[in-house]
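Welcome, and thanks for taking a look.

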Amino acid sequence: MKIARFSRVGFILAAAGSAVGLGNIWKFPYITGENGGGAFVFVYLITVLAIGFSVMLAEMLIGYLGRRDSVTSFEELAPRHKGAWKYGGFMSVAGLLIMTFYSVVIGWIFHYIAVAAIKLPDSVPAAESAFTHMLQEGVLTQLVYHTIAFLVVTAVLVRGIKGGIERLNLILMPMLFLIVGGMFLYALNLDGFSKAWAFMFQPEWHKLTSDSFVTAVGHAFFTLSLGMGAILTYSASLPKKSSLVRSALAVVALDTGIALLAGLMLFTFLFEYGAEPSAGPGLVFISLPAVFYEMGILGNFFAVIFFIALAFAGLTSAVSLVEPMVQYMIDRFKMPRFLAAVTVGLFFYFVGIIALLSNSSEYGQMLTFGSRNFFDWIDFITASIMLPLGGLIMAIFVGHIMEKERVESILKPQFGKLFGVWYFSLRYIAPVGLVTVMLHLMGILTF
Ligand code: TRP
């Protein structure tokens, strides 16, 4: 059987499309705001390089050599205990779980494209009550948009790697770069820009807490789409002659670049109109619409294209969250792609509805367990536990289990002298960082 492969550009755009997502434009700015700015950005950048890049390359290597779904790839590459290592591949379940709420958030964004075009809220309190109202009372609205997200993502998955995923990314990613780049250039000329620059790049170390470190590592994984087999699954369709090192560098650079541009742009608008950078998850749904209102009709225009860019970023990531599961069902159960895509789609659609309802005032109580509702539990379990665990498994697998000669034979020619630096950080720095983070999260290690 001839397998459809990505083109080289197609792969980089698809992997960057996976990486550049809500994490970059929605989450990164608000966690930077909550964690005090510059010092956090600094820690995050170091983490992305020392841990993120190392694990990304390891994950790419597993997919590239395995050439199959994540479970089979682990099984085939393990020199011994194949039966046990194959469970490493099951981390792709995390993507399916993330997708349940990710699809709901993409739905909010669709709704906000309409809000931006029709009527922006005229103050921060008004914006806040509109957002809360949507969460708690707007079940039907959210359901409609969640359904649209489900339909789009499933339709792309049904069309496969070339005709679906590659094509989607070839169209949406350049448009996303244009929008973010264009808005950034506009922001560059506002007075707020210098404040935004100082906020993001002048570290005030005392604002850093131990939680900031943990958040930085967790986010480095989330934003680079690591730890659950998304990059692995895409890499299985890499053209034979590709340089993994270059591809990984390109993806990390694009992802970090977009996060920094989006952050600078958002903070410029916020500072220009006197809004707070530490607004939390509501930053782009509450503070930003109110700020855009101040700009008059130009604000409506900016708001519309901003939310369109956010939707594009979300959709290209969404397909990568579930493709590993689809690929798994195709490879292992010989399911036709159509059936696999629809099954996976229906799963995240229905569980997504539960997540959506858990924010509502009517069903919220019923769907709250302990300190979190269903929506927040899934976010917490996936981003804070499953992704770091998946990353740890991959780092150990490539760094300690696979034969060094095999890893070396592929990567040394691409790396040259720096191979040893990467291999060391994969073997020691990444695992120590990840274990520290997980222990801290579980409350076992406090610092
Ligand atoms: N990286 C995406 C973001 O920043 C989210 C994402 C897509 C993801 N695929 C993933 C996260 C796989 C972890 C694993 O929004």
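## Gln142 in helix 8

Gln142 is found in helix 8, which covers residues 139-158. This is a predicted model, so please read each distance and accessibility here as computed from predicted coordinates. Is Gln142 buried or exposed? Gln142 has a relative accessibility of 2%, and because buried means under 20%, Gln142 counts as buried.

A polar atom of the Gln142 side chain lies 2.8 Å from the backbone oxygen of Met134.

## Two buried threonines

Let us turn to Thr32, placed in helix 2 (residues 22-34). Thr32 counts as buried because its relative accessibility is 0%. The Thr32 side chain reaches the backbone oxygen of Phe28 at 2.8 Å. Not counting residues up to four places away in sequence, Thr32 touches Gly37, Phe40, Val41, Phe199 and Phe267.

Thr382 lies in helix 17 (residues 374-401) and counts as buried, with a relative accessibility of 1%. Which backbone oxygen lies 2.6 Å from a polar atom of the Thr382 side chain? That oxygen belongs to Ile378, and the backbone oxygen of Asp379 lies 3.1 Å from a polar atom of the Thr382 side chain. Leaving aside neighbours within four places in sequence, Thr382 is in contact with Ala94, Leu97, Ile98, Phe101, Leu387 and Pro388. Thr382 and Val93 are 289 residues apart in sequence, yet their C-alpha atoms are 9.5 Å apart in space.

## Helix 4 and its cap

Helix 4 spans residues 70-77 and is mostly covered, with 6 of its 8 residues buried. The buried residues are Ser70, Val71, Thr72, Ser73, Phe74 and Leu77.

What caps the N-terminal end of helix 4? Asp69 does, with a side-chain oxygen 3.1 Å from the backbone nitrogen of Val71.

## The largest nonpolar core

The largest nonpolar core holds 168 residues. Phe269, Phe285, Phe292, Phe306, Val398, Leu411 and Trp422 are the members that touch the most other members. Helix 15 (residues 297-333) gives the largest share of this core, 20 residues.

Beyond residues up to four places away in sequence, Val398 touches Ala58, Leu61, Ile62, Val407, Trp422, Tyr423 and Leu426. Trp422, one of these partners, is also listed with Val398 among the core residues that touch the most other members.

Val9, Leu170, Ile171 and Met175 make a nonpolar surface patch of about 350 Å². Helix 9 (residues 160-188) supplies the largest share of the patch, 3 residues.

Leu170 is found in helix 9. Why does Leu170 count as partly exposed? Its relative accessibility is 38%, and partly exposed means the range between the 20% limit for buried and the 50% limit for exposed.

Note on methods: Residues are numbered from 1 along each chain as its sequence is written. This is a predicted model: local features need pLDDT of at least 70, side-chain atom pairs count only at pLDDT 80 or more; totals for chains, interfaces and linings use all residues. Side-chain values use heavy atoms; hydrogens and water are left out. Patches are made of residues with over 30% relative accessible area and no salt bridge: like charges are joined within 9 Å, nonpolar side chains (Val, Leu, Ile, Met, Phe, Trp, Tyr) within 5 Å. Accessible areas come from the Shrake-Rupley method with a 1.4 Å probe; for residues, only the protein chains shown count as cover. A salt bridge is a side-chain nitrogen of Lys or Arg within 4 Å of a carboxyl oxygen of Asp or Glu. Helices (H or I, at least four residues) and strands (E, at least two) are DSSP runs, numbered from the N terminus. Buried means under 20% relative accessible area, exposed over 50%, partly exposed in between (1.4 Å probe, protein chains only). A nonpolar core is a set of buried Ala, Val, Leu, Ile, Met, Phe, Trp, Tyr and Cys residues joined through side-chain atoms within 4.5 Å. Contact means heavy atoms within 4.5 Å. A polar contact is a pair of N or O atoms within 3.5 Å; within protein, one must be able to donate a hydrogen and the other to accept it, and residues adjacent in sequence count only if both atoms are side-chain atoms.
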